[in-house]
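Trainee: Could you walk me through this one? I'd like to go step by step.

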Amino acid sequence: MEDDKKFPPLQNDLILRAAWGQKTERVPVWIMRQAGRYLPEFQEVRKKHPFFEICQTPSLACEITLQPIKRFPLDAAIIFCDILVIPQALGMNVEMVPGIGPVISDPLHDPLDLHALCFPCEVEKELGYVFEAITLTRKELNGKVPLIGFSGAPWTLFCYMVEGQGSKTMSKAKGWLYKWPKGSHSILEMLTDVIVNYLIGQVKAGAQLLQVFESSAEHLGPEQFKTFALPYIKDIKKRVTEGIIQQGLNKVPMTLFAKGTCSVLPFLNDTGYEVISLDWTISPDVARSKISENITLQGNLDPCALKAEPSSIEDMVSKMIKGFGTQRYIANLGHGIYPEMDPDNVAVFIDSVHNISAAINSSKE
């Protein structure tokens with residue numbers, strides 16, 4: 001866990017220790033989408049720059065990444081980017097449309113469309129701006145907290161590339177699995193290759209943890225999940241770990257966030273990830289009973305809980321921490337924070353995690 005010598009020494013390694021299963025004096029906390037629309041300082045930057053311009057400009061991505069770190073006593077930063085930079089790298093046009101979200105103007109209609117994708121993908125060339133942003137941000141953090149890198153998982157990216165935008169049913173993407181299973185596997189394999197190189201590149205650039213977002217897992221039944229998501233999730237972990245070792249890079253823990261996977265939770269034990277992140281539909285006791293004790297858990301407060309009164313937030317955090325325990329646990333929300341959240345309530349959440357977990361640990365000494 002030694003820091004790369006080209007970066008400032010790490011001052012707060014709490015989240016790394018939790019991820020590796022080492023003892024922590026309090027529970028570390030960060031928030032998915034913590035650098036985003038709920039922050040007024042983010043909104044000010046967005047008035048001047050389109051969303052993907054920020055992603056593709058290292059200095060701006062660094063600035064946005066640091067905003068929540070400057071405001072809150074978080075235990076990790078996560079590089080500001082978007083999972084859909086991979087479809088962009090493959091030659092697809094992705095735009096952020098107000099009121100809709102990311103939209104792919106010409107999605108995949110059938111397996112013949114795969115020939116139009118720019119694959120093999122020159123990851124260093126197409127996504128080098130992400131690596132530059134990570135290196136710059138590591139330096140600007142000055143060792144305050146670790147930096148998390150991330151990627152979307154194959155099935156989740158597949159969904160966007162077929163649907164063209166977010167969907168409540170993912171019926172077009174799921175239709176591919178039934179109508180064109182071979183074509184579906186072809187694109188999932190293609191995406192896996194790009195993701196592996198992308199994540200290794202992030203570690204090389206300075207990322208100290210990695211998270212893989214399988215945000216559309218909830219749309220798959222158990223058999224589909226085992227066929228079209230699980231093998232690729234496992235392959236990514238195996239190949240990224242091997243690639244890091246081969247390149248002589250520092251070993252980093254990896255987190256898997258597979259949203260809506262209550263029915264397949266035990267399958268995640270064999271994926272190899274050091275951390276499993278949970279959505280808000282899973283209670284701590286159920287998660288602890290189904291996930292191996294050698295895996296750290298992350299999550300899982302309902303994002304909407306941040307709309308409650310501060311005293312209620314404190315109560316919910318207390319219940320969550322007592323449910324998960326203070327070891328092998330990283331506090332987070334059960335999904336990304338919503339744009340309408342009050343930053344003051346975010347501060348209550350973070351402070352409650354720190355204070356309550358520290359008090360519990362002190363009482364045991």
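Here are some questions about strands, a record's annotation, a pocket and cavities.

Mentor: Before you start, this is a predicted model, where local features need pLDDT of at least 70, side-chain atom pairs count only at pLDDT 80 or more, and totals for chains, interfaces and linings use all residues. Residues are numbered from 1 along each chain as its sequence is written, and side-chain values use heavy atoms, with hydrogens and water left out.

Trainee: Which residues of S6 are buried on the side with Thr255?

Mentor: Strands are DSSP runs (E, at least two residues) and helices are too (H or I, at least four), numbered from the N terminus. Buried means under 20% relative accessible area with a 1.4 Å probe, protein chains only; exposed is over 50%, and partly exposed lies in between. In S6, residues 254–258, five of five residues are buried. One side holds Met254, Leu256 and Ala258, and the other has Thr255 and Phe257.

Trainee: In S6, what is the bridge partner of Val212?

Mentor: Strands pair if DSSP finds at least two bridges between them. S5 (residues 209–214) runs parallel to S6, joined by five bridges. The S6 partner of Val212 is Leu256.

Trainee: And which residue in S7 stands opposite Thr255?

Mentor: S7 covers residues 275–277 and pairs with S6 in the parallel sense, over three bridges. Opposite Thr255 stands Val275.

Trainee: How far apart are the end C-alpha atoms of residues 148–164?

Mentor: An unreviewed UniProt entry annotates "domain: Uroporphyrinogen decarboxylase (URO-D)" on residues 28–37 and 148–164; positions use the numbering here, feature names are shortened, and annotations may be inferred rather than shown by experiment. Residues 148–164 are 59% helix and 29% strand, with an end-to-end C-alpha distance of 27 Å.

Trainee: Which element gives the most to the lining of the largest pocket?

Mentor: On a 1 Å grid over the protein atoms alone, a pocket is an open set of points with protein on both sides within 12 Å along at least five of seven lines, a cavity is a set where a 1.4 Å probe fits but cannot get out, and lining residues have an atom within 4 Å of a point. The largest pocket has a volume of about 1,400 Å³; grid points are joined across faces, edges and corners, and a volume is the space filled by probe spheres set on the points. Its 45 lining residues include Arg33 and Tyr160, both among the closest to its centre. With three residues, the most comes from H2.

Trainee: Which helix gives the largest share of the lining of the largest cavity?

Mentor: The largest cavity has a volume of about 50 Å³. Lining residues include Lys237, Thr241 and Met254. The largest share, four residues, comes from helix H12.
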